[in-house]
Amino acid sequence: MVYVGIPKGQADQEEEVLKTIQDGDSDELTIKRFTESREKPGALWHIYAAKDTEKIREFLKKVAEEQGQENPVDHDPIHDQSWYLDRPLRKRLHQEYGVQGWAIVQFLGDVVFIPAGAPHQARTRGICIKVAEDFVSPEHVKHCFWLTQEFRYLSHTHTNHEDKLQVKNVIYHAVKDAVGILRANESSLSRP
């Protein structure tokens, strides 16, 4: 989070931010960072374990049906980013499916790391500028392939339809670089 600004003319902004942090299930240490240390919070994140993705997907479809919404086959309630799990929905998700995430308040200067495939949501307060970088670690290549397959089943007009991670290209270039290094050092590797 590289910038957090407060819109002018909003006198009760601090109270609203504190309520958002508290309603977001943040811990006491996080609340103290805001109330006592006067740090500037920019975003409230809820991050869930990748292994809970199907449970969350099933829950969101169930809630949509209860509200009379359709669940088209070529759409996905997680990738559509059309839901925000507020406190009552997070509580219900935990009660009905045993899924509980982590609440993280990102203050000015903080970095938030989201593991591959971890469903997450963010709510900003005020004006924020963040810098984001996607990357593929060797430990998560399998999971990235799985996500790429999920994206393929979305409608062609969906914003996540394309393979943004370019996992196959990443692997190709990693292998190409490794082979290049081995060839460059071939003579020193063959000596007994």
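Student: Is Asp25 buried, partly exposed or exposed, and what is its relative accessible area?

Tutor: In this predicted model, Asp25 is partly exposed, with a relative accessible area of 39%, a value that lies between the 20% under which a residue is called buried and the 50% over which it is called exposed. Asp25 sits in the loop that joins H1 and H2.

Student: What should I look for in the backbone of Asp25?

Tutor: The general idea is that most residues other than glycine have a negative phi. In this structure the phi of Asp25 is near 70°, a positive value in a residue other than glycine. Arg38 is partly exposed, with a relative accessible area of 48%.

Student: How do I read the relation between helix H1 (residues 13-23) and helix H2 (residues 28-35)?

Tutor: One reads the distance between the two axes together with the angle at which they cross, and for H1 and H2 the axes come within 10 Å and cross at roughly 170°. H1 is therefore roughly antiparallel to H2, since an angle over 145 degrees counts as such. On the H1 side the residues that meet H2 are Glu14, Val17, Leu18, Ile21 and Gln22, and their partners in H2 are Thr30, Ile31, Phe34 and Thr35. Sorted by class, this contact of H1 with H2 has five nonpolar, three polar and one charged residues.

Student: Which residues of H2 are buried, and where do they lie around the helix?

Tutor: Thr30, Ile31 and Phe34 are the buried residues in H2. Seen down the axis of H2, they fall within an arc of 100°, so they line one face of the helix. Those buried residues pack against H1, S2 and strand S3 (102-107), whereas on the other side of H2 Glu28 and Leu29 are exposed.

Student: How can the length of helix H3 (residues 53-66) be checked?

Tutor: One compares an expected span with the distance between the end C-alpha atoms: at 1.5 Å a residue, the 14 residues of H3 should span 20 Å, and the end C-alpha atoms are 20 Å apart, which agrees.

Student: Which residues of H3 are buried, and what arc do they cover?

Tutor: The buried residues of H3 are Thr53, Ile56, Arg57, Phe59, Leu60, Val63 and Ala64. They cover an arc of only 165° around the axis, which puts them on the same side of H3. Just after H3, Gly68 takes a positive phi of about 80°.

Student: Where is Glu133 found, and how far is it from Phe113 in sequence and in space?

Tutor: Glu133 belongs to the loop between strand S5 (127-129) and helix H5 (141-152), and is exposed, with a relative accessible area of 64%.

How values were computed: Residues are numbered from 1 along each chain as its sequence is written. This is a predicted model: local features need pLDDT of at least 70, side-chain atom pairs count only at pLDDT 80 or more; totals for chains, interfaces and linings use all residues. Side-chain values use heavy atoms; hydrogens and water are left out. Helices (H or I, at least four residues) and strands (E, at least two) are DSSP runs, numbered from the N terminus. The expected span of a helix is 1.5 Å times one less than its number of residues. Buried means under 20% relative accessible area, exposed over 50%, partly exposed in between (1.4 Å probe, protein chains only). The arc is that of the directions from the helix axis to the C-beta atoms. Axes are lines fitted to C-alpha atoms, for helices over the stretch in contact, and angles run from 0 to 180 degrees between N-to-C directions. Angles under 35 degrees count as roughly parallel, over 145 as roughly antiparallel, 65 to 115 as roughly perpendicular and the rest as oblique. Contact means heavy atoms within 4.5 Å. Ala, Val, Leu, Ile, Met, Phe, Trp, Tyr, Cys and Pro count as nonpolar, Asp, Glu, Lys and Arg as charged, and the others, Gly among them, as polar.
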